[in-house]
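Hi,

Here is the structure I promised to pass on. Please open it alongside this email, and my notes follow below.

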Amino acid sequence: MVNRVVVAAPASGSGKTTVATGLMAALRRAGSRVAPFKVGPDYIDPGYHSLATDRPGRNLDPVMVGEQRIPGLFAHGSKGCDIAVVEGVMGLFDGRVDTAGIGSTAHVAKLINAPVLFVVDARGQSRSLAALLHGFRGYDPTVRLGGVILNQVGSQRHEQVLRSACDEVGLDVLGVLPRDPQFSLPSRHLGLVTAAEHGPEAVAAVDAIAAAVAEHVDLDAVRRLAKSVPDMAVAAWDPQVEAVRDEPVIAVAGGAAFTFGYAEHVEVLKAAGAAVAVLDPLHDEALPDGTAGLVLPGGFPEQHAEALSGNVRLREAVARFARSGAPVHAECGGLLYLAKSIDGHPMCGVLDAEGFMTPRLTLGYRDAVASASSPLHAPGSRVTGHEFHRTQLSTPHSNPPAWHWRGVDSRPVAEGFAVGGVHASYLHTHPAGDPESVARFVRACHPFVAGVADGTVFA
């Protein structure tokens, strides 16, 4: 596998995203071909990684796809590169709740045999940093802490004290970032504002972070650390699904409102024989010609509700398409788009439910069982997915729902809609964990190729 380094931290909010994104961009501008990765189910950080590297940002999530697939997915995403930078999630050892760190940054670092570059927010710390580093390094000696980046350093004197603390425990300082508000990315209720929404300002933010990292981080030392890994012969991930012959056109929503998708999703759709066409519901007024299937991924449609609602022609086209029985796969933001409304703004009206913002964050992995037959799943199919939203629906599911799972205190939960050809749910799934479900979706589009081609579905 390619030279590699994992960017981790003691806790969320330490500056992992800033350092990882800046490091990716700085290395690329210095001539490296950089493969970007993010641990866990995050969709927002990979958008900034893509800006930094001009490559698809990818996720490494053992919970969603199984730990046995992580090395192959890493090799797949690293093809053609000479260094990979993997941004961690939360604190180094924080994984799925009530497990022994499964899905944590440490777990992934071990699966790909990569050293860890440890980012520490140094505000309010001096010599106590030595104790913190000693504890993290000793907690699991099989995770190799290869160096430290000191973030939010207040002065030269502060830097000297922190460097001495690192020397006490024998860890090299590879970079020192001063306190500066420009070294950050804009926040929103679920984390950062997506790169697609932030537009030119996102590019400017990445430029500023890249310049800061190039000035304050020893890039040669980072390269040496990334190179200090054993050779590993790993077969790159391949979806290995049976392809249909008729190449049905599958429209996949994108643009600023629908940014929560995995790069592997489109790759599996294509491997299964689909012709993928990108659709922007903020601007496009019709489905792509020949559309036989529709994918509506997650995102922040609630932030663009007025504009989405104003695109009446597309909303009506999507409603006609869904009511024809053609396959529609909607996750989270896509689910909201199919509802009657979002915070009072009319949407497609495919689902008998109203969407609205709440102050409560719903977050976590779910071990779900498909409740009904759909274009994606046979009844009884099992997946592990992830919820991440502050919206709710007035009617949380159809009868039968899309999913059942065990909630708090093992109480049964019914969630999502399996209505005709529509499978709509708050649950995000990763196609690499179940590529056959994507292939099943493509096969389900086959009967609708001719019907759409003569204009009877979406005209």
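Tyr43, Phe260, Tyr262 and Phe300 come together in one aromatic cluster. Bear in mind that this is a predicted model. Eight aromatic pairs are found in the structure. One of them joins Phe260 and Phe300 edge-to-face, with 5.2 Å centre to centre and 70° between the planes. Phe260 sits in the loop between β10 (249–253) and α11, while Phe300 belongs to the loop between β12 (291–296) and α12 (305–310), so this pair ties together parts that are 40 residues apart in sequence.

Next, helix α11, which spans residues 263–271. Its buried residues include Glu264, His265, Val268 and Leu269. These four lie on the same side of α11 because they cover an arc of only 140° around the axis. After α11 comes Gly273, which has a positive phi, near 105°.

Then there is the sheet. It is open, has seven strands with parallel pairing, and runs in the order β3-β2-β4-β1-β5-β6-β7. At its edges are β3 (58–60) and β7 (173–178), each pairing on one side only. From one strand to the next, the twist averages 25°. Strands β1 (residues 3–8) and β4 (residues 83–87) run parallel and are joined by five bridges; Val5 has Val85 in β4 as its bridge partner. Helix α10 (residues 219–227) packs on this sheet, where it touches β1, β4, β5 (116–121), β6 (145–153) and β7. The direction of α10 makes about 110° with that of β1.

Best wishes

Methods: Residues are numbered from 1 along each chain as its sequence is written. This is a predicted model: local features need pLDDT of at least 70, side-chain atom pairs count only at pLDDT 80 or more; totals for chains, interfaces and linings use all residues. Side-chain values use heavy atoms; hydrogens and water are left out. Buried means under 20% relative accessible area, exposed over 50%, partly exposed in between (1.4 Å probe, protein chains only). Helices (H or I, at least four residues) and strands (E, at least two) are DSSP runs, numbered from the N terminus. The arc is that of the directions from the helix axis to the C-beta atoms. Rings of Phe, Tyr and Trp (its six-membered ring) pair if their centres lie within 6.5 Å; planes under 30 degrees apart count as stacked, over 60 as edge-to-face and the rest as tilted. Two strands pair if DSSP finds at least two bridges between them. Axes are lines fitted to C-alpha atoms, for helices over the stretch in contact, and angles run from 0 to 180 degrees between N-to-C directions. Contact means heavy atoms within 4.5 Å.
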